[in-house]
Amino acid sequence: MPKPVRDALLLLLCLAVGVGLIAALVAGAGASPVAVAAALAKGAFGSRYNFGETLIQATPLVLTGLAVAVSFQCRLFNIGAEGQLLLGAMAAVAVGTSESVPPNAKLVLCLLAGAGAGAAWAGIAALLRVYRGVQEVLSTLLLNFVAVQLLAYAVRAPLQEARHELIQSDKIAIPARLVLLQPATLDLPATRLHAGVFLALLAALFVWVFLRYTVGGFALRTVGAGAGAAELAGIPVRQTIVKTFLLSGALAGLAGAVQVCGVTYFLGDRYSPGYGYTAIAVALLAGNKPGWIIVSALFFGALTAGSAGVQTAGVSQVLIQVMQAVVLLAVLAAGYLREKSPTNTGEAVAP
Amino acid sequence: MIGVTAVVLAARNITRRFGTFTALDAVNFAVGEGEIVALLGENGAGKSTLMNVLSGSLAPSDGTILMDDKPVRFASPLDAASRGIGMVHQHFLLVPTLSVAENLLLTASRRAGGALSYNIKGVLKDAQILAGRLGWTIPWQTLTGDLPVGTQQRVEILQALRGQTRVLIFDEPTAVLSPTETPELFATIRRLSDEGRGIVFISHKLDEVLALSHRVVVLRRGKVVFTGETRNLDERILAEAMVGADSDAAVLLQAPPGVTTTAAPESAVAKKALHVEAVTVRVRGASKAGETKSGAGTAPLLPTALDAVTFAVEPGEIFGIAGVDGNGQEELAAVLSGLMRPASGTVQIGGVAPPVNAAAFRRAGVAVIPADRQARGLAMPLTLAENVALGVYDSPEYRVGAVLKWRKLRERADALVKRFDIRGGGVNTSVLALSGGNQQKVVIARALSGSPRVIIAVNPTRGLDVGAIAYVHNALRQARDNGAAVVLISTELSEIQSLSTRRVAVLFAGKIAGIVAPDASRETFGLLMGGKRLKETTAVA
């Protein structure tokens, strides 16, 4: 059997086992697996509005998923997409609510500010890594907590709405908002879908081209594959690490700005439902490949959008998280089994 | 010897499969009391798998292991060890940050000592008795990471030799040793065999096998293809058994018709292709000098990794640099590849000193075959095409602005695959999937494809089988014939002697201890490697 076919069958088998587990869980909880699946599908794809919600959920996941994937491809474990997203959102609100920014440049500046703030936040981890040898797993994770506190402060003081009553920011000016793609017409109700979804697709295309075809992307992947070999080939390893962090942070920051400009228009405390963390699962599920990140973000987006529906079928929304975890484990198991498949002759094992 | 002594450990029809791949196919193998059996075979022939089965690291898929003619089943390496099977690994399994005594304690029997205490004194006493019997002085309280390789190996042997070890397996033990350390190891092995222990000696090196063993077993593609008493054998018979009649060991490096391997050296005026002047490198971090004093013939730790090293290499010359590992080779290679800036001194390529970075050195015409092909030579998960692209990715010929011309790069890689006879996959295969020999071919293809003016080759044949070694040697000779100046840094003395054109420098403690002709006697080399500066050495300028 050719290897790609075998790998695909293996993946399908693992996913089937995962689906079986979920069905058993649902049945165990006294609900009908078929009804839950139907409710989930209806919640995610059942109507124009619902499908719009799926795409809205998928959009930040594509961007943060790309952020994580880019860093993983350089063997950097940026798990700080959440914090970088929050910084991006704060920057976008700061620009979007500012009086001094000309209206017709507002949207572009909001997005750029978001990307820049995310990059700067990731840059802190990059510098710590390159100059002080601090593991980025730790620094990016801790910077997430700092970002959460920074946001809590921002919506209580510098970015708080004008009347200083609510713990949230003002809404950004209308020119700073991303256009709605499907406003209400005479016969159809509006969806909340905004132009940010195209930005996410463009970003995926950009990352794909960058990694595959450019010198910079090649350097990034080579450093990830073997820093020693990269160094011998004259690739500036430290510079590549810093650039990768900046790109990764910019993508996550852009996700925050897109949420502000396309969905919420303002900032509250506890802004993100964890897009930056789900992004790790999105990237892992997609094998860090930009094209597959779109698919895997859609999958996670559909689960989130459809989660309200499953309650009507008699199970808790928490089931959605279980499903996400089981699918991820199934994919990881398939990867593990593929790695274990017979090619080497058995390395010496330490006693 | 077989039949004369009692068989201690035997494998009967051992088969080991990994999925659909059969690494061992109904292998029979036996070692008797006091017998030294050499296990010979190319890379991937199944030697390590067989030894892992016999030492309890791997369970056989089929067949039985017998000890004293009774079937046994090893649950783990520890279980095998407790029944008297010890293994000295090629890559030492010592913890470098623990002392010798602590390392010995790690693998000592768990039952020694109380529930809460370690019997470190008892373990140490046993080891000291053993070391005394073998005539070794071991610095017991020194961190093993600070010891010379030869001494580390002795610690590894002590670790394997505990209690009633009846069979001791050595996995390519000479790969890391100097020419002076190798005879000492052989003496140890003979003494252990005289004590009645069975010895399994794994090696690629035919001369060692002939010198040491009583009996030779040759594995090829998971099968025993040859068994014979050593006294009836010679190198030719063994080489043939190892690679087989249909082997491709004889494949020489041939440029296909119509393709010139290298352009003639651009400038015959630049007579010295490589000129190294008074290069000094200091060890980074705290100096550990003087911390250890250990076995004879081994290098002390160095405050200065390279001390005013000066030499020049002409086009068309292979300049050998011999020496025991750890005498500055690593630093010299790093300086010559543009990876390390020396504290003082200069490196000139064709009369010009390039800026110190690897890309500038490469563009100046320096090609590197690094010591560690997996860590430095190749970016492992990347494809073959991507790995050879690493040599030219920054050349304007292969890029338009920031975009790489992948089609052209792949075509180039494809041509290199054919020219350098790289087997095991096309240009889009991950180099992980290639065998060690073919991985090295990728490194060599990348290094030699760009008509380099200077080639720095560091232990270019380490861990390769005879066929691949011949290939690498031919490639270097051909590069030399095409006018490259080749610096061959190797701990393999016979390799240095057979390849070097005129001169061999011996590094000791960061200094060139002497420059001699390649056909100087092994004694001369041994003395120079041991740090004796010879006055009457036949010096060749």
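## Basis of the model

Residues are numbered from 1 along each chain as its sequence is written, and chains are lettered from A and ligands numbered from 1 in the order in which they are written. Because the model is predicted, local features need pLDDT of at least 70 and side-chain atom pairs count only at pLDDT 80 or more, while totals for chains, interfaces and linings use all residues.

## The two chains

Chain A has 13 helices and 0 strands. Helices (H or I, at least four residues) and strands (E, at least two) are DSSP runs, numbered from the N terminus. The radius of gyration of chain A is 22 Å, close to the 20 Å that the globule rule gives for 351 residues, so chain A is as compact as a globular protein of that length. This radius is taken over C-alpha atoms, and the globule rule is 2.2 Å times the number of residues to the power 0.38. Along the principal axes, the C-alpha atoms of chain A fill a box of roughly 70 × 60 × 35 Å.

Of the 351 residues in chain A, 49% are buried. A residue is buried if 20 or more other C-beta atoms lie within 10 Å of its own, exposed if 12 or fewer, and partly exposed in between, with C-beta atoms placed from the backbone. Chain B has 17 helices and 21 strands, and 48% of its 541 residues count as buried.

Two residues are in contact if their C-beta atoms, placed from the backbone, lie within 7 Å. Among contacts between residues at least 6 apart in sequence, 77% in chain A join residues at least 24 apart; the corresponding share in chain B is 70%.

## Where the chains meet

The contact between the chains takes 26 residues from chain A and 45 residues from chain B. On the side of chain A that touches chain B, helix H8 (215–225) and helix H9 (227–232) each supply at least two residues. H8(A) gives the most, with 6 residues. The residues of this side divide into 13 nonpolar, 11 polar and 2 charged. Here Ala, Val, Leu, Ile, Met, Phe, Trp, Tyr, Cys and Pro count as nonpolar, Asp, Glu, Lys and Arg as charged, and the others, Gly among them, as polar.

H8(A) is mostly covered, with 9 of its 11 residues buried. Among them are A:Phe218, A:Leu220 and A:Arg221. The buried residues of H8(A) pack against H3, H7, H9 and H10 of chain A, together with strand S17 (403–404) of chain B.

## Helices H4 and H11 of chain A

The axes of helix H4 (residues 81–96) and helix H11 (residues 275–285) of chain A come within 6 Å and cross at roughly 135 degrees. Axes are lines fitted to C-alpha atoms, for helices over the stretch in contact, and angles run from 0 to 180 degrees between N-to-C directions. That makes H4(A) oblique to H11(A); angles under 35 degrees count as roughly parallel, over 145 as roughly antiparallel, 65 to 115 as roughly perpendicular and the rest as oblique. The residues of this contact divide into 5 nonpolar, 3 polar and 1 charged.

## A buried tyrosine

A:Tyr271 lies in the loop between H10 and H11 of chain A. A:Tyr271 is buried, with 26 other C-beta atoms within 10 Å. Leaving aside neighbours within four places in sequence, A:Tyr271 is in contact with A:Leu86, A:Ala89 and A:Leu151. A:Tyr271 and A:Met90 are 181 residues apart in sequence and 9.8 Å apart in space, C-alpha to C-alpha.
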